[in-house]
Amino acid sequence: MSNGLDKNQLTAVLQVLKKYNLKETEEQLRKEANLTDQVDQQDSDVSSVLTGYKSDGDPETYEGSYIELKRFVENSLDIYKHELGMILYPVLVHMYLELVYNGHTDKAISLMKKFGPEQDIYYQDDLKKLAMVTRRDHMNGNELTDTFKSNQFIIRMSRDTLSLLKRHVHDKKASVLLNIVQEHLYFDMYEGVARNKTQIDATSGAVGGEAKRQDNKIKVYYGIPKAPDIQILSAPVEDEEEPAEQESPDKPKKKKSKKDPLLSKKTKSDPNAPPPDRIPIPDLKDNDKMEKLRALRETSKRTNLGPENLPSCCAYTLLNANYNVCCAEITEDSSMLAVGFNDSIIKVFTLVPQKLKSMKSADKLQEVNIEAEDVLVRMMDERSGESARSLCGHNGPVYSVSFSPDRSLLLSCSEDSTIRLWSLQIWTCLVVYKGHMFPVWDVKFSPVGYYFASCSYDRTARLWATDHYQPLRIFAGHFSDVDCIQFHPNSNYVATGSSDRRVCLWDITTGNHVRLMTGHKQPIQSLAFSICGRFLASAGTDCRVLIWDLSHGHLVAELTGHSKTIHCLAFSRCGNILVSGGLDCSVKVWNFTKLTEEISSEDVNISHNPDVKTGDDYLLRTFQTKNSPLINLHFTRRNLMLAVAVFDGIAS
């Protein structure tokens, strides 16, 4: 450490600083104290990580203890049996790891072979990975063993069920089982009737067990704040003549400007919306206000979708690019498409008649009248227009791209651990953001621009600002790599989906998670917020779309029908329709309005998860492509659905 203080001295100094309110120095010393903790933890290596496995009991007792526990579960009353059964998987894992740590490999392998196949199907992949750990040194740096030892496995259980389990454990006095229950399991007890098998399966499957109810009690401002006032830039729609004054009939008639009817509509303030000053947001420029006006006019011509009015779909299919395309993104106004390739190239295509132009040379820019209203148009070179442009700079596959709301900037992230910010006016890289230590899987611009978020193989997500080289926040807490990220429509939160099968909602003002949601059985690949901001849709390798209610963090619906990984989700601009697409070459259209109406009409039991809605009642239609897996879905401002697919000539 730079100041040479040990941890005890730091603690004393921090108390003094706190007394005199010296916050900046206190924060610096806390960082150094945390750094010391990290160094100490790394030095202790395997022995400190696995302290719970040091008790070297009789290896012959493990199998007998597990059989006895299994018999107790099977002989219990049906009302408690399913909740008691949740203990079998984590107990088996910790017994296996304890045997391996103490050198009883043969007994460990025998235990896993005998009881591993009996566990729920969604744990089988993890058990296969654990079966590869057959020696103590294999545990060092292993993602699964670190997770199980460093974090208690969370089991949500009713008071009556937990009482039965405690009585059994203490009556049998089996030291092996008692040690695991006390050291490695956390029981999130609730009052009420024990859950049935369907309810348990709906929220099971994550690496570390279910989410604690405490994780979902913080208030979330999921509402959408009122749009900023842009009326000052609105042009009069038409001129209205005022009646002439009677005493001067020959006087010229005055013209009175009529307000734009689109802007005269007053929007109600959302009681669940965050305060306007909760996060700093850059002021709107004149160009941004004009763009919002254009968007508002387009919205007025929008078609509201529903069961009787299904969306039309236009698919852009990328040919001769099989196994080479990694990602795609369409601008908010549907004018441009960006595609990231495996060979580190990014290509930007225009989807409208206007070409992609570059800026004039420095000499010619001096001739431009900067006072002109169309100064940006005058700065562009008309002769440079092209239908597609390439951006080169990354040193690995480009995994995600994201346009800024004003379409002047593009973000990209890559296997090379960097994020790049590109100008779409001079078509070159402006900034390289370095912070992640491993490949960056996803990057997204905030709906207000300026802020963006990224997620990586290093198990973290990060919040950035375009004018800062270092991240503003680091969101840490996932047990595996974070595969996808999405901004909330009000820009106050980001959602992350991970290979640990958990969905997290993070508050960007504090950096803490405010919702933790479990239910997926495989890695999560895509996220989408509803237009109202209250619901979050997630999907991934388990071929299911899950709908979460952010007001309580509950899983409310499970939409099935896809046969392969789902890679993209999108809500219609009216919010009535949800669409999903993936590797099964199909786009499914879901009736989201019907789903939310049924949810609103029910009383929510906040003590534990309510019943999850399933079935084909919500599926309105399936669009099938010809051997072209979907990688992106997008709705235009008028609610035309656009899809981006990659033709796979060898797909069956």
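## Helices α5 and α6

In this predicted model, helix α5 (residues 88-101) and helix α6 (residues 105-115) are roughly antiparallel to each other, because their axes cross at roughly 160 degrees and angles over 145 degrees count as roughly antiparallel. The two axes come within 7 Å, and the crossing is left-handed.

Which residues of α5 and α6 meet? From α5 come L92, M95, Y96, L99 and V100, and they meet T105, K107, A108, I109, L111, M112 and F115 of α6. Sorted by class, the residues of this contact are 10 nonpolar, 1 polar and 1 charged.

## Helix α4 and its partners

Next, look for helix α4 (residues 78-85). Helix α3 (residues 60-74) packs against α4 at an angle of about 145 degrees, and the axes are 8 Å apart. On the α3 side you can find F72, V73 and E74, which meet K81, L84 and G85 in α4. The contact of α3 with α4 divides into 3 nonpolar, 1 polar and 2 charged residues.

Helix α9 (residues 159-172) also packs with α4, here at an angle of about 70 degrees and with the axes 10 Å apart. That angle makes α4 roughly perpendicular to α9, because the range for this label is 65 to 115 degrees. Y80, E83 and L84 of α4 make the contact with D160, T161, L164 and L165 of α9. By class, there are 4 nonpolar, 1 polar and 2 charged residues in the contact of α4 with α9.

Now move along the chain.

How much helix and strand does the chain have over residues 391-425? Here the chain is 0% helix and 54% strand, with the end C-alpha atoms 12 Å apart. Over residues 433-464, the chain is 0% helix and 59% strand, and the end C-alpha atoms are 9 Å apart.

## An aromatic pair

The model has 17 aromatic pairs, counting rings with centres within 6.5 Å. One of them joins W441 and Y457: the ring centres are 6.4 Å apart and the planes are at 85 degrees, so the pair is edge-to-face. W441 lies in strand β14 (residues 440-445), while Y457 is in the loop between β15 (451-456) and β16 (460-465), so the pair ties together parts that are 16 residues apart in sequence.

Note on methods:
Residues numbered from 1 in each chain as written. Predicted model: local features only at pLDDT ≥ 70, side-chain atom pairs only at ≥ 80, totals over all residues. Heavy atoms only, no water. Axes fitted to C-alpha atoms, helices over the stretch in contact; angles between N-to-C directions. Helix = DSSP H or I, 4+ residues; strand = E, 2+ residues; numbered from the N terminus. Parallel < 35°, antiparallel > 145°, perpendicular 65-115°, else oblique. Left-handed = near helix turned anticlockwise from the far one by under 90°. Contact = heavy atoms within 4.5 Å. Nonpolar A, V, L, I, M, F, W, Y, C, P; charged D, E, K, R; others polar. Phe/Tyr/Trp six-rings, centres within 6.5 Å; stacked < 30°, edge-to-face > 60°.
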